[in-house]
Amino acid sequence: MSFLPYALAAWLLFVGLYGVVTSRNLVHLVICLGVMQSSTYVLLLAIGYRTGKKAPIFTSGVSVKLGAVDPVVQALALTDIVVGVTVAALLLALVIEIWKRSGTLDPDDLRRRDE
Amino acid sequence: MTRGARLGLFAVSSAVLAGLVVWGLTGLPAFGDFHGEYGRILNSVAGTERHVTNVVSAVVFDYRGFDTLGEEFILFTAAMGVALLLREARDDRERPRDEVRSDAVRAIGLALVGPTVVLGLYIVAHGYLTPGGGFQGGVALAGGLVLLYVAGRYRSYRAASPHVLVDVAEGVGAGSYVVVGIAALIAGAAYLGNVVDLGTKGTLAAAGTIPVLNAAAGLEVAAALVLLFHEFLEEVMYPDE
């Protein structure tokens with residue numbers, strides 16, 4: 001079963017991508033992007049995992065010799081989760097502007113208006 | 001492009017992408033069998049080199065501190081972008097009444113404001129000792145302020161986080177990260193080098209510049225999220241537009 005975390009990452013990537021491609025609503029599209037992004041977190045954390053090891057936090061009493069899971073991928077994931085939220089907010093702000101200007105959130109409708 | 005054509009294109013191109021992804025995934029080490037030397041070495045030396053107990057924070061704010069500088073500025077730029085987009089086209093109409101009518105929501109919300117803010121401060125302050133740090137704690141801090149909106153009135157939420165204060169906090173959070181880096185240069189070390197006395201491991205007075213950068217990130221994240229909530233809540237107030 002050791003391939004499951006990787007399979008989950010791939011599944012999240014493709015289900016998010018499918019959502020982006022078929023989206024009929026820009027808010028839905030932004031959320032699908034978020035789903036795609038979360039596949040990178042699953043992938044990073046899955047790569048850094050080492051069987052039987054704990055979190056890389058060595059408070060007193062925890063020997064450094066025990067080792068731990070990889071701290072670098074965890075650092076990557078944790079900063080990116082917060083940054084991802086703000087970037088999603090920026091995209092949603094753009095969506096609000098689109099709604100104000102055109103009165104629709106359907107990407108297909110937007111295209112028809114341009115023609 | 002019609003929907004059918006788009007789906008067809010998606011089917012073909014995602015099949016190619018799926019092939020690449022599966023090819024890449026099969027080349028990865030088996031789950032639980034990772035042997036990356038960088039992380040392993042950091043785990044074994046961070047405690048003695050930087051006097052931290054949380055190695056993840058040492059990576060974020062020291063060993064890879066320069067990357068975090070970039071992340072901070074993505075955060076800063078995104079928050080500024082939201083402010084630019086939404087502040088621009090807003091009029092100063094009378095705010096509709098938005099008081100909470102449910103006593104349960106009000107009581108539980110108000111009871112949670114204090115503990116949430118304290119929890120946020122705790123997570124930020126102990127970021128290099130126990131699980132947590134500026135990024136996670138900053139979100140909890142902002143959450144405490146939003147509870148004030150949920151439980152009370154928009155006005156009291158705004159009173160607790162005036163625009164000027166949030167904007168300044170946002171700038172100071174991002175700016176002080178840069179300043180710490182420059183200070184290290186002046187002290188003769190590399191940019192963002194850890195030049196301050198490392199203190200005693202396992203106490204709050206440890207890890208040199210990590211607490212400073214950690215606090216800067218906490219301030220930056222909390223301010224950015226409060227700013228985002230401001231801008232979006234202002235939009236919600238005018239449903240007829």
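Predicted model: local features only at pLDDT ≥ 70, side-chain atom pairs only at ≥ 80, totals over all residues.
View 1. Among the elements of chain B, H1(B), residues 3-26, comes out highest with a mean of 89, while H7(B), residues 154-160, is lowest at 72. Helices here are DSSP runs of H or I, at least four residues long, numbered from the N terminus. The model's overall scores are ipTM 0.81 and pTM 0.80.

**View 2. Where chain A meets chain B.** Counting residues as in contact if their C-beta atoms, placed from the backbone, lie within 7 Å, chain A puts in 43 residues and chain B 50. On the chain A side, the elements giving two or more residues are H1 (4-22), H2 (26-48) and H3 (71-102). H3(A) hands over the largest share, 17 residues.

**View 3. A closer look at H1(A).** This helix has 19 residues and runs 26 Å from first C-alpha to last, close to the expected 27 Å (1.5 Å times one less than the number of residues). Its buried residues (20 or more other C-beta atoms within 10 Å of their own, with C-beta atoms placed from the backbone) are A:Tyr6, A:Ala9, A:Ala10, A:Leu13 and A:Leu17. They sit on the same side of H1(A) because they cover an arc of only 95° around the axis, taken from the directions from the helix axis to the C-beta atoms. Their cover includes H2(A) together with H1(B).

**Notes.** Residues count from 1 along each chain as its sequence is written, and chains are lettered from A in the order in which they are written. Local features need pLDDT of at least 70 and side-chain atom pairs 80 or more, whereas totals for chains, interfaces and linings use all residues.

Note on methods: Contact = placed C-beta atoms within 7 Å. pLDDT = per-residue confidence, 0-100. Buried ≥ 20, exposed ≤ 12 C-beta atoms within 10 Å, placed from the backbone.
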